[in-house]
Amino acid sequence: MHAQRASLKGKTVLVRGKVVKFLAGIMDRNWLHLRDGSGSADKGDNDLTVTTRQTAVVGDVVTVKATVGVDRDFGAGYVYGVILEDAQVEK
């Protein structure tokens with residue numbers, strides 16, 4: 001996803017991955033961190049951040065349908081080269 005971020009900006013995508021982190025109620029949304037098997041830990045591009053109104057549990061394998069955001073800066077240290085926003089989450 002990170003490698004194709006420019007061409008995916010503003011598009012709706014489907015991504016399936018494992019929830020490795022869940023943070024509730026930050027800036028009026030829930031934040032998921034997914035690992036979908038792409039990217040690498042060495043490059044720091046193996047984690048996809050997702051915003052949603054829904055919940056998930058660490059360890060869940062989910063499919064998200066979301067809009068790709070690029071170079072988003074929410075302030076307070078929340079800066080993302082790529083982010084999946086307003087996701088619909090299905091288990």
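1. I begin with D71, which counts as exposed because its relative accessibility is 52%, where exposed means over 50% relative accessible area, buried under 20% and partly exposed in between, using a 1.4 Å probe and protein chains only. D71 has its place in strand 4, strands being DSSP runs of E of at least two residues and helices runs of H or I of at least four, numbered from the N terminus. The phi of D71 is positive, near 50°, in a residue other than glycine. Most residues other than glycine have a negative phi.

2. On the basis of the note: this is a predicted model, in which local features need pLDDT of at least 70 and side-chain atom pairs count only at pLDDT 80 or more, while totals for chains, interfaces and linings use all residues. Residues are numbered from 1 along each chain as its sequence is written, and side-chain values use heavy atoms, with hydrogens and water left out.

3. Two further positive phi values deserve a look. A76, found in the loop between strand 4 and strand 5, is not a glycine and yet has a positive phi of about 55°; A76 counts as exposed because its relative accessibility is 78%. M27 takes a positive phi near 55° in the hairpin of strand 1 and strand 2, which has two residues between the strands.

4. As to how the strands are paired (two strands pair if DSSP finds at least two bridges between them), strand 1 runs antiparallel to strand 4, with seven bridges joining them, and T12 stands opposite T67 in strand 4. Strand 1 is also joined to strand 2 by six bridges, again in the antiparallel sense, with K21 opposite H33 in strand 2. Strand 2 in turn runs antiparallel to strand 3 over five bridges, where H33 has T49 as its bridge partner. Strand 3 and strand 5 pair in the parallel sense over three bridges, and T49 stands opposite I83 in strand 5.

5. Strand 3 is largely enclosed by the rest of the structure, because five of its five residues are buried. Both of its faces are covered, with L48, V50 and T52 buried on one side and T49 and T51 buried on the other. In a regular strand the side chains alternate between the two faces of the sheet.

6. The largest nonpolar core has 19 residues, and those with the most contacts inside it are M1, V64, V68 and L84; such a core is a set of buried Ala, Val, Leu, Ile, Met, Phe, Trp, Tyr and Cys residues joined through side-chain atoms within 4.5 Å. Strand 1 (12–26), strand 2 (29–35), strand 3 (48–52), strand 4 (61–73) and strand 5 (79–90) each supply at least two residues of this core, and the largest share, five residues, comes from strand 4. Leaving aside neighbours within four places in sequence, V64 is in contact (heavy atoms within 4.5 Å) with residues including V13, L34, V50 and L84.

7. V61, which also lies in strand 4, is partly exposed, with a relative accessible area of 40%. V61 and G17 are 44 residues apart in sequence, but their C-alpha atoms are 5.5 Å apart in space. Apart from neighbours within four places in sequence, V61 is in contact with R16, G17, K18 and K91.

8. Finally, N46 lies in the loop between strand 2 and strand 3 and is buried, with a relative accessible area of 17%. Leaving aside neighbours within four places in sequence, N46 is in contact with L34, R35, S38, G39, S40 and A41.
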